[in-house]
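Here's a quick walk through a single model, written for someone who already has it open on screen. Take a look first, then read on.

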Amino acid sequence: MAMADSLNGRCLCGAVTIRVASHDARVGVCHCRMCRRWSGAVFAAFTAPASDVTVAGKVALYASSGFAERAFCPICGSHLWMRNTDDPAAEYDLMPGLFDATETWPLRSEIYADRAPAYLALAGDHARTTEADYEADEKSVQGDQT
Ligand SMILES: [Zn+2]
Ligand SMILES: [Zn+2]
């Protein structure tokens, strides 16, 4: 967990602001069908501990599975975060586009890398995990990709 200066982010309309006191300054991408559909193209996120995330403004939550929720601004629709709901202390997977400071961060990993669409061939030597390998490690997501 990289400890850096706190980050300040906001949605497109500004109704939701997010302050992050500590975070991992790298971005992970998921190409699973749920993330692709929710994001419209590519799901990218960075992690931060729940105790270090402060949210102001009204947020809409969508339970995308039995164990995770996805948050968005009910006014402008900006995606805000995804988070497991089975653990009150679960970290946040925050959308980097809300925070200008993330522009220089590296890509940490891609999961469901073999499911990436042709228009999202991401260059670099970051970690890549296939659908089969990811689901072998994360039993809870199996059968959740319909
Ligand atoms: Zn908004
Ligand atoms: Zn996903």
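How buried are the cysteines? C30 has 7% relative accessibility and so counts as buried, and C32 is buried too, at 4%. For reference, buried means under 20% relative accessible area, exposed over 50%, and partly exposed in between (1.4 Å probe, protein chains only).

## Where the numbers come from

This is a predicted model, in which local features need pLDDT of at least 70 and side-chain atom pairs count only at pLDDT 80 or more, while totals for chains, interfaces and linings use all residues. Residues are numbered from 1 along each chain as its sequence is written, chains are lettered from A and ligands numbered from 1 in the order in which they are written, and side-chain values use heavy atoms, with hydrogens and water left out.

R33 sits in helix α1 (residues 33–39) and, with 49% relative accessibility, comes out as partly exposed. Its C-alpha is 9.6 Å from that of A116, though 83 residues separate R33 and A116 in sequence.

Y112 belongs to the loop between β10 (107–111) and β11 (127–129). At 1% relative accessibility, this tyrosine counts as buried. Most residues other than glycine have a negative phi.

## The chain as a whole

Two helices and eleven strands make up the secondary structure; these are DSSP runs numbered from the N terminus, with helices being H or I of at least four residues and strands E of at least two. In order, they read β-β-β-α-β-β-β-β-β-β-β-β-α. The radius of gyration is 15 Å, close to the 15 Å that the globule rule gives for 146 residues, so the chain is as compact as a globular protein of that length. That radius is taken over C-alpha atoms, and the rule is 2.2 Å times the number of residues to the power 0.38.

The C-alpha trace spans about 40 × 30 × 30 Å along its principal axes. Buried residues account for 40% of the 146.
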